[in-house]
Amino acid sequence: MVKESFNARRKLRFLLSVMIVLGICGSPRKQATEHVLEKALSMLREEGFETRLWTVRENQIDHCTHCDYCLTNKACVIQDSIQELYVLLAEAKGIVMATPVYNGGVSSQVKTVMDRCRAAAAAEKNFFKGKIGMGIAVGGDRAGGQELALMQIHAFYILNGMIPVSGGFFGANLGATFWSKDTVEGVIQDEEGFRSLRKTVKRFAEYLKEYTEGESI
C-alpha cells in the first residue's frame, strides 16, 4: 500500500511537470528515418511527454565555419533555420536525434546541426547540461554503420554535458538501429529494429521521469 501510494504521488508530480522531448530528424528526405522518429515520438507521447519534431528536410542550414564569432558575441553569425532549433533545444529536457547512415556515420546534415550547436554552448556553457539524449540510426544495409553513427551522436551528447541513454543489453546496446533496405516498407518490416526502438524509448522515458523526480524534490 505504501509503495502504491508513493508511485501514485510520483506519477502525479510527473504529470504536473510534463517535459518536452525534441526529435531531430537528420534526413534530407521524408523516408525511413523520419518514419521511425515519428514512431518514437508517438511512443513518448503515450508516456505523457510533449514532443516537437524538427527536420533538416524542411529547413535551410549552413555549415559552421569556425569563425569564433559566437565566442565573443554569444550568438551565431549565420542567421538561418538553426536559430529556431536553438529555441526548441532550450526548452527540451530530452533530445532524440535520428540519422540515416551515410558512409558509415551520421548524415552531413546531422553533423552540421552538431557543429552549429557550438554557438548555443558558447552563449550559455550549461545550455545542454543534464538533458537526456537518445539516438536512432537507420541504414540501408544490415550492418551499414548504424552503431558508428550512434557513437557519433553519443559523443556529441557527452561533450555537451548531456546524459546519453541506450536501450541496454541484448539488441539495443547503443540505441535504436534499423535496416531499411533503402525503403520505408523495408523499415516497417524490420521487427528487430522496432524491438530496439521500444527498448531504447523505455529507458529514455525512465531517465526523463527520474530527472523530473529529482527536480521536484
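A: Strand β4 is mostly covered, with eight of its eight residues buried. Buried here means under 20% relative accessible area, exposed means over 50%, and partly exposed lies in between, with a 1.4 Å probe and protein chains only. Helices (H or I, at least four residues) and strands (E, at least two) are DSSP runs, numbered from the N terminus. The model is predicted: local features need pLDDT of at least 70, side-chain atom pairs count only at pLDDT 80 or more, and totals for chains, interfaces and linings use all residues. Residues are numbered from 1 along each chain as its sequence is written, and side-chain values use heavy atoms, with hydrogens and water left out.

Ile132, Met134, Ile136 and Val138 point one way from β4, while Gly133, Gly135, Ala137 and Gly139 point the other way; all are buried.

Next, the strand partners. Two strands pair if DSSP finds at least two bridges between them. With strand β3 (residues 94–100), β4 pairs in the parallel sense over seven bridges; Val138 in β4 is the bridge partner of Pro100. β4 and β6 also pair in the parallel sense, over four bridges, and Trp179 in β6 is the bridge partner of Gly139. Strand β5 (residues 163–164) runs parallel to β4 and is joined to it by two bridges, with Pro164 in β5 as the bridge partner of Gly133.

Trp179 also has a charge over its ring: the charged end of Lys181 sits 4.7 Å from the ring centre. The rule for this is NZ of Lys or CZ of Arg within 6 Å of the ring centre and within 35 degrees of the ring normal. Lys131 likewise lies over the face of Phe127, at 6.0 Å from the ring centre.

Phe127 belongs to an aromatic cluster together with Phe128, Phe156 and Tyr157. Rings of Phe, Tyr and Trp (its six-membered ring) pair if their centres lie within 6.5 Å; planes under 30 degrees apart count as stacked, over 60 as edge-to-face and the rest as tilted. The structure holds five aromatic pairs. One of them, Phe128 with Phe156, is edge-to-face, at 5.7 Å centre to centre with 75° between the planes. Phe128 lies in the loop between α6 (118–123) and β4 (132–139) and Phe156 in helix α7 (residues 146–159), so this pair ties together parts that are 28 residues apart in sequence. Phe128 is buried at 1% relative accessible area, and Phe156 is buried at 9%.

Phe178 and Phe194 form another edge-to-face pair, 4.9 Å centre to centre and with 80° between the planes. Since Phe178 lies in strand β6 (residues 176–179) and Phe194 in helix α9 (residues 191–216), the pair ties together parts that are 16 residues apart in sequence. Phe178 is buried at 1% relative accessibility, as is Phe194 at 13%.

Finally, the cysteines. A disulfide is a pair of cysteine sulfur atoms within 2.5 Å, and by this rule the count is zero. Cys64 is in no disulfide, the nearest cysteine sulfur being that of Cys67, 6.8 Å away. Cys64 is partly exposed, with a relative accessible area of 32%. Cys76 is also in no disulfide; the nearest cysteine sulfur is that of Cys70, 6.8 Å away. Cys76 is buried, at 12% relative accessible area.
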